[in-house]
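Biologist: Hi! I'm new to this one, could you walk me through it?
Modeller: Happy to, let's bring it up first.

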Amino acid sequence: DQTVRKNTNKEKALAFIQDKKEASNEQIREHLGVSRRSVVRYLDALEKEGKVRQIGKIGRSVHYEVGPPSS
């Protein structure tokens, strides 16, 4: 049940980023209605899968785009 919900939210987050071209943690959190920490977990997993990349290092300037990490 928890795994299904996590995977569903990960896919929703990915679709949101694809639709918007880029999105912040806060935008995704508001879209999904989950905690900031949950969004971080979803985005970390999507990053490891090579589906999104983080732009920026820390704080409010960080946002996410679709695609593998830039080298």
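Biologist: Thanks! Where is Lys 10 found?
Modeller: Lys 10 sits in helix H1. Keep in mind that this is a predicted model.

Biologist: Is Lys 10 buried or exposed?
Modeller: Lys 10 is buried, because its relative accessible area is 8% and anything under 20% counts as buried.

Biologist: And which residues is Lys 10 in contact with, leaving aside neighbours within four places in sequence?
Modeller: Those are Tyr 42, Ala 45, Leu 46 and Glu 49.

Biologist: Nice. At what angle do H1 and H3 pack?
Modeller: The angle between H1, residues 2–20, and H3, residues 36–48, is about 75°, and their axes lie 10 Å apart. H1 is therefore roughly perpendicular to H3, as angles of 65 to 115 degrees count that way.

Biologist: Which residues meet there?
Modeller: From H1 you have Lys 6, Asn 9, Lys 10, Ala 13, Leu 14 and Ile 17, and they meet Tyr 42, Leu 43, Ala 45 and Leu 46 of H3. Sorted by class, that contact has seven nonpolar, one polar and two charged residues.

Biologist: Changing topic: what volume does the largest pocket have?
Modeller: Its volume is about 340 Å³. The lining has 13 residues, and the closest to the pocket's centre are Asn 25, Glu 26, Arg 36, Gly 59 and Arg 60.

Biologist: Which helix gives the largest share of that lining?
Modeller: H3 does, with three residues. Helix H2, 25–32, supplies at least two.

Biologist: And how does the lining look by class?
Modeller: You'll find four nonpolar, four polar and five charged residues in the lining of the largest pocket.

Methods
Residues are numbered from 1 along each chain as its sequence is written. This is a predicted model: local features need pLDDT of at least 70, side-chain atom pairs count only at pLDDT 80 or more; totals for chains, interfaces and linings use all residues. Side-chain values use heavy atoms; hydrogens and water are left out. Axes are lines fitted to C-alpha atoms, for helices over the stretch in contact, and angles run from 0 to 180 degrees between N-to-C directions. Helices (H or I, at least four residues) and strands (E, at least two) are DSSP runs, numbered from the N terminus. Angles under 35 degrees count as roughly parallel, over 145 as roughly antiparallel, 65 to 115 as roughly perpendicular and the rest as oblique. Contact means heavy atoms within 4.5 Å. Ala, Val, Leu, Ile, Met, Phe, Trp, Tyr, Cys and Pro count as nonpolar, Asp, Glu, Lys and Arg as charged, and the others, Gly among them, as polar. On a 1 Å grid over the protein atoms alone, a cavity is a set of points where a 1.4 Å probe fits but cannot get out, and a pocket is an open set with protein on both sides within 12 Å along at least five of seven lines; lining residues have an atom within 4 Å of a point. Grid points are joined across faces, edges and corners, and a volume is the space filled by probe spheres set on the points. Buried means under 20% relative accessible area, exposed over 50%, partly exposed in between (1.4 Å probe, protein chains only).
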